[in-house]
Amino acid sequence: MKFILATLPVLVAAHSAVWKVTFDGTTYPARDARMDPELGAKRAEWHFKNVQNFPWMAVRDVEDASITCGLDATPPDLSAKARAGANVTVQWSGIIRMHLGPVLTYLGRLPTPDTKPLDISFFKINEAGFDKARRKWANEDLIEHGTADTFQLPSDIKPGTYVLRTELLALHGNRMNYLPQDGYSGPQFYTHCFNVEILGNGNVEPAGVKFPGGYKRDEPGVKFNLYKSEKDWDGYIIPGPPKYAGKYEAPTGEPPKVEPKDTGLFPPAFQAKYEAYKAKEDEYAIASSNMVNGVDPTGKEMAKGSASIATYFQGRTKVQAALKEEYKNLLAEAKALGIAPK
Ligand SMILES: *[C@@H]1O[C@H](CO)[C@@H](O)[C@H](O)[C@H]1NC(C)=O
């Protein structure tokens with residue numbers, strides 16, 4: 001494992017992204033940092049810059065301003081819609097099993113569209129840490145559930161526009177020091193923010209925390225050491241405030257009707273090409289994560305060691321070259337159609 005992560009930095013770009021979120025039955029594509037900005041895609045996910053040129057690179061310090069919604073986050077183009085009390089499903093990309101840790105989601109009211117992420121007050125609406133009975137961490141549960149995380153919005157909160165901030169906290173780097181020279185140790189926060197307009201007639205404005213501020217560097221759930229004894233896992237305390245303890249009742253009435261273009265979908269013909277291209281890119285991402293998790297691209301459990309991983313990556317070089325060409329054509333078409341800025 002150490003060898004793989006040290007020598008194949010491309011893997012960093014392959015995991016812990018969010019691909020799409022379903023709010024109250026309507027699915028919104030997440031922002032694909034590899035191409036969406038250039039293609040002119042409109043997204044409900046907040047924009048952020050790539051850290052060290054890697055899309056979705058983890059934030060490793062709770063005091064880093066990027067922990068809120070990513071590096072230099074700016075508001076999204078779109079806002080999802082959901083009734084208070086509705087279900088939300090966050091579809092993550094490939095999740096790496098060794099990235100043991102909790103998965104948490106917050107909501108924060110957005111008083112004005114230009115409110116800075118640092119000024120948003122977030123309350124927790126969902127959390128999972130270590131499941132004692134099943135001896136599984138939340139990231140392992142994600143893998144078991146097709147990397148999808150489903151939870152409910154509170155039903156009693158005041159309607160309005162909120163930022164949904166979802167987060168995977170990987171603890172494997174804590175005191176592991178497998179690469180002391182590059183400073184890669186410490187917790188890894190993968191956060192993603194989406195705008196959602198919550199409909200209803202609730203009136204509660206739950207108290208919240210700000211990020212940075214919601215976590216402390218030395219709190220147990222952040223500095224947790226996985227490697228002393230697996231018995232310690234039973235006592236894991238999820239960081240941040242307790243989950244909002246208000247009402248979580250099923251929504252009433254009809255779910256909001258949303259036009260495909262208001263979810264971020266391109267016109268159908270171009271959307272189909274985009275998806276075909278993205279599937280090829282993602283196949284690589286998924287295969288990478290799976291192989292790190294010990295499953296080869298055909299779904300078979302792999303023997304220990306990385307020989308087949310190395311072979312796979314060599315084989316991908318040609319595929320990557322072809323994909324680059326395909327992407328050029330896609331971008332040219334997006335420009336010709338007036339979707340992407342010229
Ligand atoms: C929300 O999800 C739960 C569990 O996945 C399901 O039982 C419930 O019917 C869903 N509610 C709605 C309104 O779809």
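The predicted model holds 21 salt bridges, a salt bridge being a side-chain nitrogen of Lys or Arg within 4 Å of a carboxyl oxygen of Asp or Glu. Residues are numbered from 1 along each chain as its sequence is written, and side-chain values use heavy atoms, with hydrogens and water left out. Since the model is predicted, local features need pLDDT of at least 70 and side-chain atom pairs count only at pLDDT 80 or more, whereas totals for chains, interfaces and linings use all residues.

One of these contacts joins the side chains of R135 and D234, with an N to O distance of 2.8 Å. This pair links distant parts of the chain, 99 residues apart, with R135 in the loop between β9 (130–131) and β10 (136–137) and D234 in the loop between α4 and α5; helices (H or I, at least four residues) and strands (E, at least two) are DSSP runs, numbered from the N terminus. R135 is partly exposed at a relative accessible area of 40%, and D234 is likewise partly exposed at 30%, where buried means under 20% relative accessible area, exposed over 50%, and partly exposed in between (1.4 Å probe, protein chains only). Within helix α6 (residues 307–336), E325 and K328 lie three residues apart, about one turn of the helix, and form a salt bridge whose closest N and O atoms are 3.6 Å apart. Of this pair, E325 is partly exposed at 43%, while K328 is exposed at 52%. A network of salt bridges links D131, R134, K136, D141 and E144.

A salt bridge of 2.7 Å, N to O, also connects R165 and E167, both of which are buried. R165 has C193 in β13 as its bridge partner, and strand β12 (residues 160–170) is joined to β13 by 11 bridges in the antiparallel sense. These strands belong to an open sheet of five strands with mixed pairing, in the order β5-β13-β12-β7-β8, two strands being taken as paired if DSSP finds at least two bridges between them. Because β5 (80–83) and β8 (122–128) stand at the edges with a single partner strand each, one side of each is left without a neighbour in the sheet. Neighbouring strands are turned by 35 degrees against each other on average, direction ignored, the axes being lines fitted to C-alpha atoms, for helices over the stretch in contact, and angles running from 0 to 180 degrees between N-to-C directions.

Strand β13 (residues 188–199) has 10 of its 12 residues buried and is therefore largely enclosed by the rest of the structure. Its pairing with β5 is parallel, over four bridges, and places K81 opposite E197.

The rings of F123 and Y244 have centres 5.7 Å apart and planes at 65 degrees, so the pair is edge-to-face. F123 in strand β8 and Y244 in the loop between α4 (220–223) and α5 (268–292) are 121 residues apart, and F123 is buried at 4%, as is Y244 at 14%. Another edge-to-face pair comprises F211 and Y215, at 4.9 Å centre to centre and 70 degrees between the planes. Both of these residues are buried, and F211 and Y215 form one aromatic cluster with Y106, F122 and F189.

Key. Rings of Phe, Tyr and Trp (its six-membered ring) pair if their centres lie within 6.5 Å; planes under 30 degrees apart count as stacked, over 60 as edge-to-face and the rest as tilted.
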